[in-house]
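Please read these notes with the model open beside you.

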Amino acid sequence: MNKQGHSALALLAGSATSVTALTTSPMSTSLEVIGFAGVVCTASILGGFAPDLDHKTSTASQKIQLSSGKRKLMRALSGIFLCIGFALILLGYSMQAGSICIGAGIVAGCLARLRTIILIASGVLMLVGYAIYEWHWMALFTGIALLMMPFVKHRWIIHSPEFAIILSLGLYIFGSQYPGLVVTSCLGFIAGWWSHLFGDIFGSEGIRSLFAPRFKIALRLFDNGGFAERIISKLCQLCSIVIWVWYGVVL
Ligand SMILES: [Zn+2]
C-alpha cells in the first residue's frame, strides 16, 4: 500500500479513536471537539506513516531528506570538494583553502545523508534523555529504534507485530500518566501504526513475525497504488465521514 491508502486507513483509525474517546468523556464546545480530533487524527496519520521510515524513499523518509536529484548533487559536490581540499593541502598550496573545501565537502555529504543524520540524532537525544534525565523507558526503546532505522531492512523489525506490540504497550503506559489529550494522542498514534501494518498485509510483501520469520501474512490482494487501493482509500475516507456524521447527529 502506498501514501494514499496508508493515509486513508490512518485517518479512519484516528477518527474511530477520537470518537470513542469523545463518547466516554464528552466535551462541551464544538471548538474543543475540533481541536481534540485534529490532534488525535494528526497523531494517527503520523503513526500511519512512521513505520515506513525504515525505507529510504518512503513518504515519511522524503519529509526528512532532500529530493533524489539534490541528494545526488550533494554527493557529487561532496566528492569534488573533498578531492580539491585534500589536493590543496597535500600539494602544499593552501592549508586554509584546503580546510574550507574539506569543510564544504563534509557539509555537502551530511546534506546528502540528512535522513540518516536526523534519525541518528533523534535516537541519541532519546537515549541521552533516558540516561541523564531519567525519561520514561519508552525513550530508550524509541532511541534504539531510531538508531536502527537507517540500517535495517525495509519491512523487517520495524514492521514486525512484535515491535508494534512493545511500542503500543510502551506508548499506552506512558500516555496513561497524562489522561485526556496525551493518552488519546498516544492511542491515535498506536491506531495509525497498526493501520499501516494492516494496510501492508494486503500487498504481496506483507509483514512477518520477527521471531518466527516463516510466519508471514501477505494477502496479495492488489498492487501498490492500483485500482483496488484507490477504492479502499475512498471507502476509508467515506467511513471516516460517516463516523463524524454519526457523532454529530446521534451523540
Ligand atoms: Zn510499510
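Is Gln 65 buried or exposed?

1. Gln 65 is buried, at a relative accessible area of 12%. Buried means under 20% relative accessible area, exposed over 50%, and partly exposed in between, with a 1.4 Å probe and protein chains only. Gln 65 sits in the loop between helix 3 and helix 4. Its C-alpha lies 9.5 Å from that of Ile 117, a residue 52 positions away in sequence.

2. Ground rules. This is a predicted model, in which local features need pLDDT of at least 70 and side-chain atom pairs pLDDT 80 or more, while totals for chains, interfaces and linings use all residues. Residues are numbered from 1 along each chain as its sequence is written, and side-chain values use heavy atoms, without hydrogens or water.

3. Overall layout. The chain holds 10 helices and 2 strands. Helices are DSSP runs of H or I with at least four residues, strands are runs of E with at least two, and both are numbered from the N terminus. The order from the N terminus is α-α-α-α-α-α-α-α-α-β-β-α. The C-alpha trace spans about 80 × 45 × 40 Å along its principal axes. Of the 251 residues, 39% count as buried.

4. Record annotations. An unreviewed UniProt entry assigns "signal peptide" to residues 1-21. In the model that span is 90% helix and 0% strand, with its end C-alpha atoms 28 Å apart. UniProt also places "transmembrane region" (unreviewed entry) at residues 31-53, 73-91, 117-133, 139-157, 169-194 and 231-250. UniProt positions follow the numbering used here, feature names are shortened, and annotations may be inferred rather than shown by experiment.

5. Two of those spans in the model. Residues 31-53 are 83% helix and 0% strand, and their end C-alpha atoms lie 33 Å apart. Residues 117-133 are 100% helix and 0% strand, with end C-alpha atoms 23 Å apart.

6. Zinc site. Which residues donate to the zinc ion? The protein donors are Asp 52 (OD), His 159 (NE2), His 196 (NE2) and Asp 200 (OD), at 2.1 to 2.3 Å from the zinc ion. Donors are N, O and S atoms within 2.8 Å of the metal (3.2 Å for Na, K and Ca); water is not among the atoms, so sites may look incomplete. The sequence spacing of the donor residues is D-x106-H-x36-H-x3-D. Asp 52, in the loop between helix 2 and helix 3, and His 159, in the loop between helix 7 and helix 8, link distant parts of the chain, 107 residues apart. Asp 52 counts as buried because its relative accessibility is 13%. His 159 is buried too, at 0%.

7. Zinc geometry. Why is the arrangement irregular? The 4 donor atoms subtend angles of 84 to 175° around the zinc ion, so the arrangement is irregular. Four donors count as tetrahedral if all angles lie between 85 and 135 degrees; four count as square planar and six as octahedral if opposite donors are over 155 degrees apart and all others between 65 and 115; anything else is irregular.

8. Largest pocket. Its volume is about 630 Å³. On a 1 Å grid over the protein atoms alone, a pocket is an open set of points where a 1.4 Å probe fits, with protein on both sides within 12 Å along at least five of seven lines; lining residues have an atom within 4 Å of a point. Grid points are joined across faces, edges and corners, and the volume is the space filled by probe spheres set on the points.

9. Pocket lining. The largest pocket is lined by 23 residues, with Met 126, Thr 142, Leu 146, Leu 167 and Phe 189 nearest its centre. Helix 7 gives the largest share, 6 residues. The lining divides into 19 nonpolar, 3 polar and 1 charged. Ala, Val, Leu, Ile, Met, Phe, Trp, Tyr, Cys and Pro count as nonpolar, Asp, Glu, Lys and Arg as charged, and the others, Gly among them, as polar.

10. Backbone checks. Glu 134 has a positive phi, near 55°. Glu 134 lies in the loop between helix 6 and helix 7 and is exposed, at 69% relative accessible area. Arg 155 also has a positive phi, near 65°. Arg 155 is in the loop between helix 7 and helix 8 and counts as buried, at 11%. Most residues other than glycine have a negative phi.
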